[in-house]
Amino acid sequence: DSPNLPLKSAVVALGSFWRSEAVFGCLDGVVRTTAGYAGGSKINPAYRSLGDHAESVQIEYDPRLINFRQLLEVFWSSHDCRQVFGQGPDVGNQYRSIIFTNGTEESRLAAVSKEREQTKSKSSIVTTQILPLSTFYPAEPEHQKFELKRNPFFLQLIGNLPEEKLESSSPVAKLNSYAAELCPTKIQKQIDSKINDIIRKGWPILREL
Ligand code: MHO
């Protein structure tokens, strides 16, 4: 863990934030993910009263290893941007598709990528909104790394790691992604090959991921 890296941060919404965290947590260069609420006007939203916000994920990344454009590619390929009101069984405004931007360069990249998706999509409209990011509200602890927490096997692997550590840890973000079977093949294989070690030795091995 090197806390002094000049990290960058991006926020997107693409359906359930449980899944969104897992989509991004396993990418090379992604250091941390946080599930939260953004895109609405309600002050201090909560899961049962999120108002007009969308379930979102904040992605902290090392710009030397991955950039905003690459994150956008993963965004587009990881959900159906033509759904007006959610993804699959998750129906409602809270599951809408949004790219949040920070400055004109990101807005431009987002707009270009959206036009490209629209060209691919032919008859149906890409519903994704592009919005300047105002406030990102982190969600309640029980929603952080939920794909890992809902699986007793993976939960056991991290032992009694304090919640704070769980939320800030890169290896836990990776394992959350692995638990949801959303890791890119390369990283999935890397974890596959270590899983027996992780089972035996726990957190010290996990830290090397
Ligand atoms: N119903 C979905 C997601 C709910 S959500 C985080 C699921 O069970 O995965 O709003």
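**Figure 1. Burial and overall dimensions of the chain.** Of the 209 residues of the chain, 49% count as buried, where buried means under 20% relative accessible area, exposed over 50% and partly exposed in between, with a 1.4 Å probe and protein chains only. The model is a predicted one, in which local features need pLDDT of at least 70 and side-chain atom pairs count only at pLDDT 80 or more, while totals for chains, interfaces and linings use all residues. Residues are numbered from 1 along each chain as its sequence is written, and side-chain values use heavy atoms, with hydrogens and water left out. The C-alpha trace spans about 50 × 35 × 35 Å along its principal axes. A compact globule of 209 residues would have a radius of gyration near 17 Å, and the chain agrees with its 17 Å; this radius is taken over C-alpha atoms, and the globule rule is 2.2 Å times the number of residues to the power 0.38. Among contacts (heavy atoms within 4.5 Å) between residues at least 6 apart in sequence, 70% join residues at least 24 apart.

Figure 2. The chain has 9 helices and 8 strands, which are DSSP runs numbered from the N terminus (helices H or I with at least four residues, strands E with at least two). An open sheet of mixed pairing is formed by 6 strands in the order 7-6-1-3-2-8, two strands being paired if DSSP finds at least two bridges between them. Strand 7 (129–132) and strand 8 (137–138) stand at the edges with a single partner strand each, so one side of each is left without a neighbour in the sheet.

**Figure 3. Strand 3 and its two partners.** Strand 3 (residues 54–61) runs antiparallel to strand 2 (residues 30–38), and 8 bridges join them. Within this pairing, Tyr 37 has Glu 55 as its bridge partner, and Ala 38 has Ala 54. Strand 1 also pairs with strand 3 in the antiparallel sense, over 5 bridges, and here Ala 10 stands opposite Ile 59.

**Figure 4. The surroundings of Thr 34.** Thr 34 has its place in strand 2 and is buried, with a relative accessible area of 13%. Neighbours within four places in sequence aside, its contacts include Ser 56, Val 57, Gln 58 and Glu 60, as well as Phe 136 and Pro 138.

**Figure 5. Helix 2 and helix 3 against the sheet and each other.** Helix 2 (residues 68–77) lies across strand 1 (8–14), strand 2, strand 3 and strand 6 (97–101), running at about 175° to strand 6, whereas helix 3 (residues 104–121) lies across strand 1, strand 3, strand 6 and strand 7, at about 150° to strand 6. Axes are lines fitted to C-alpha atoms, for helices over the stretch in contact, and angles run from 0 to 180 degrees between N-to-C directions. The axes of helix 2 and helix 3 come within 10 Å and cross at roughly 35°. Phe 68, Arg 69, Leu 72 and Trp 76 in helix 2 meet residues of helix 3 including Glu 106, Leu 109 and Lys 114.
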